[in-house]
Amino acid sequence: MTDLKANPFFLDEEQIKWVEETLASMSSEEKIGQMFCPVGGNTQEDYLKEFVGEFHPGAMMYRPMPAKEIQKTHRVLQEASRIPLLLGANLESGGNGICADGTYFARPMGAAATDDPVQAYRLGAIAGKEAQAVGCNWSFAPICDLDMNFRNPITNVRTYGSDQQRVTSFVKEQLKGLKEYGIAAAVKHFPGDGVDERDQHLVSTVNSLSVEEYDRTYGAVWKEVIDAGTLSVMAGHIMQPAYSKYLNPQLNDEDVLPATLSKELLQGLLRGKLGFNGMIVTDATPMVGFNTFMKRSEAIVTAINAGCDMILFNKDIREDYQSVRDALMDGRLSKERVDEACTRILAMKAAMRLHTAKAAGTLVPDEKALDAVGCAEHKKWTDECADAAITLVKDTQHLLPISPQTYKKIRLYLLEDRAGGGFKDGEGAVGVIKQKLEQEGFEVSLFDYNKPDFQEMFEGGAADIQGKFDLAVYVACIDTASNQSVRRIDWLHLMAADAPWFVQEVPALFISVANPYHLVDAPMIKTFINAYTPNEEVIAQVVEKIMGRSAFRGVNPVDPFCGIWGAEF
């Protein structure tokens, strides 16, 4: 039974009346639509009106696009919908999660490296203010996962690290920043990612902790986040076998399901033991991790019956809607369960006062509000966070600071995803570092990944390297990305031509502006810096620090040595 007066809704009598009257006025088709959050792509006004008219979605999400365009799209959607929509975005790192021209403040791990929860509040406030400006009202963030496994390709810098106290305090501050601007959060990914080394986009992952270990770590984080009043929780395609079998001793190993399909985890753990009374939304259901346990038509219905109130994204929207229609007709899904899910969704909207904003015509502000997107204050905060986050992990060769007098000739290696044909000189935030080093008076030669020097690879020895440059600088931008099985350095496959084989002849400096774990592949490099976020403010601050004009202030939110013997030397 949903308690609309209790945490997290805290509805008054007027709000409860709106929920009850709205539910009573809804057709079966509207109730089905309310339980879906499709992903948007088309921004044509006529298409949007027809889409809302046909499917009656309870929510929608668009990927980042220019602020003016996404604001217009959100306005059309809200005007076309009888019931106000939740309009979502991955506001994980700032306003750039919804606006292509928004502020890229910091990856959560960058905020955590400052060891100052104010930076998490600023992350939420910047994301909230810029989202509010374009009519976005629902954040698929913060992330309260614990980055326990350095091999995990998807948690990584998206988390606040591995320390549960820091994660808890930073998540709660991010929630405050979002709430200040009227943005509700879908905290993710329940029951908790970061133990496994795999990606839910590719396979259902496993949180393999014992019940006692889970209660002490993830469970403690979730309890505080729930008590803080989060309106919605995103369930992941993540199994927690120990808790599933603890709550249902009759369950066989082969019957354990990911949270999105598991009554044990959603009803027994999340709603029961942890006391969550709000709205549960699935993680994206096109992910492989959702679709391999049963036919998709069954999975959609099973997710709702298990306790998910809203389905995120579709493979085929008509197929998914029909799956719910069929289940309602043949009794596999009860009218009572649909009404319960819709009640929670409507209660969330009432708690956000979307119904009153709808009546006042203020769900989406006017174009003047766009002045907040990428504003000067947000840029200033971004620079301050970068300054405080950058972490000197080690400098056992006492290399720093550097200058053109000590290391005139620099060989620059830009390590990144090269599937698109290689890094182009000066492209992107990390490309700026070449220009900045040259402005400092260094002579910089960029390793050309399109045309490696075969003579250097097979005919050039140590003396040849020493004659060409005084210092090797590696800048790695291997950021987290979905649908990836690993996020590691991929040295050139021909003799690892870009690897630092020469460190006994020429010193090397490594700067990672994303993944903090590259010492697993480059432990031989004696000077290593983690910067966490590939934005221009971070690059500028890195140069200030390696030149000795600014102190390193960041702390390690995770173990950058990956528990590997020798990486600290």
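How many residues does helix α7 have, and how far does α7 reach from its first C-alpha to its last? Helix α7 covers residues 164-180, has 17 residues and reaches 24 Å. The legends below take α7 and its surroundings view by view.

This is a predicted model, in which local features need pLDDT of at least 70, side-chain atom pairs count only at pLDDT 80 or more, and totals for chains, interfaces and linings use all residues. Residues are numbered from 1 along each chain as its sequence is written, and side-chain values use heavy atoms, with hydrogens and water left out.

**View 1**
Helices (H or I, at least four residues) and strands (E, at least two) are DSSP runs, numbered from the N terminus. The reach of α7 is close to the 24 Å expected at 1.5 Å a residue. That expected span is 1.5 Å times one less than the number of residues in the helix. Asp 163 caps the N-terminal end of α7. One of its side-chain oxygens lies 3.3 Å from the backbone nitrogen of Gln 165. Such a polar contact is a pair of N or O atoms within 3.5 Å; within protein, one must be able to donate a hydrogen and the other to accept it, and residues adjacent in sequence count only if both atoms are side-chain atoms. Just after α7, Gly 182 takes a positive phi of about 75°.

**View 1. What covers α7.**
Buried means under 20% relative accessible area, exposed over 50%, and partly exposed in between (1.4 Å probe, protein chains only). The buried residues of α7 include Val 167, Phe 170, Val 171, Leu 175 and Leu 178. Contact means heavy atoms within 4.5 Å. The cover over the buried residues of α7 includes the helices α5 (108-113), α6 (117-133), α8 (211-216) and α9 (218-227). It also includes the strands β5 (138-139) and β6 (184-190).

**View 2. Helix α6, part of that cover.**
The end C-alpha atoms of α6 are 24 Å apart, which agrees with the span its 17 residues should have at 1.5 Å a residue. Of these 17 residues, 12 are buried, so α6 is largely enclosed by the rest of the structure. Among the buried ones are Ala 120, Leu 123, Gly 124, Ile 126 and Gly 128. Their cover includes α4 (67-80), α5, α7 and α17 (376-389). Gly 135 follows α6 and has a positive phi, near 85°.

**View 3. From β5 to β6 by way of α7.**
Two strands pair if DSSP finds at least two bridges between them. β5 and β6 pair in the parallel sense over 2 bridges. The chain crosses from β5 through α7 to β6, and this β-α-β crossover is right-handed. That word means that, with the strands pointing away from the viewer, the path from the first strand over the helix to the second runs clockwise. Trp 138 has Ala 184 in β6 as its bridge partner. β6 also pairs in the parallel sense with β8 (residues 232-235), over 3 bridges. There, Val 187 stands opposite Val 233. In β6, 7 of 7 residues are buried.

Thr 159 is found in the loop between β5 and α7. At 0% relative accessibility, Thr 159 counts as buried. A polar atom of its side chain lies 3.0 Å from the backbone nitrogen of Gly 161. Leaving aside neighbours within four places in sequence, Thr 159 is in contact with Pro 108, Met 109, Ile 143, Asp 145 and Asp 147.

**View 4. The whole sheet and its edge at β1.**
The open sheet has 9 strands with parallel pairing, in the order β1-β11-β10-β8-β6-β5-β4-β3-β2. The edge strands are β1 and β2 (39-40), and each pairs on one side only. β1 runs parallel to β11 (residues 310-312), and 2 bridges join them. Phe 36 stands opposite Ile 311 in β11. Cys 37 is found in β1 (residues 36-37). Is Cys 37 buried or exposed? Cys 37 is buried, with a relative accessible area of 0%. Leaving aside neighbours within four places in sequence, its contacts include Met 60, Trp 138 and Phe 313.
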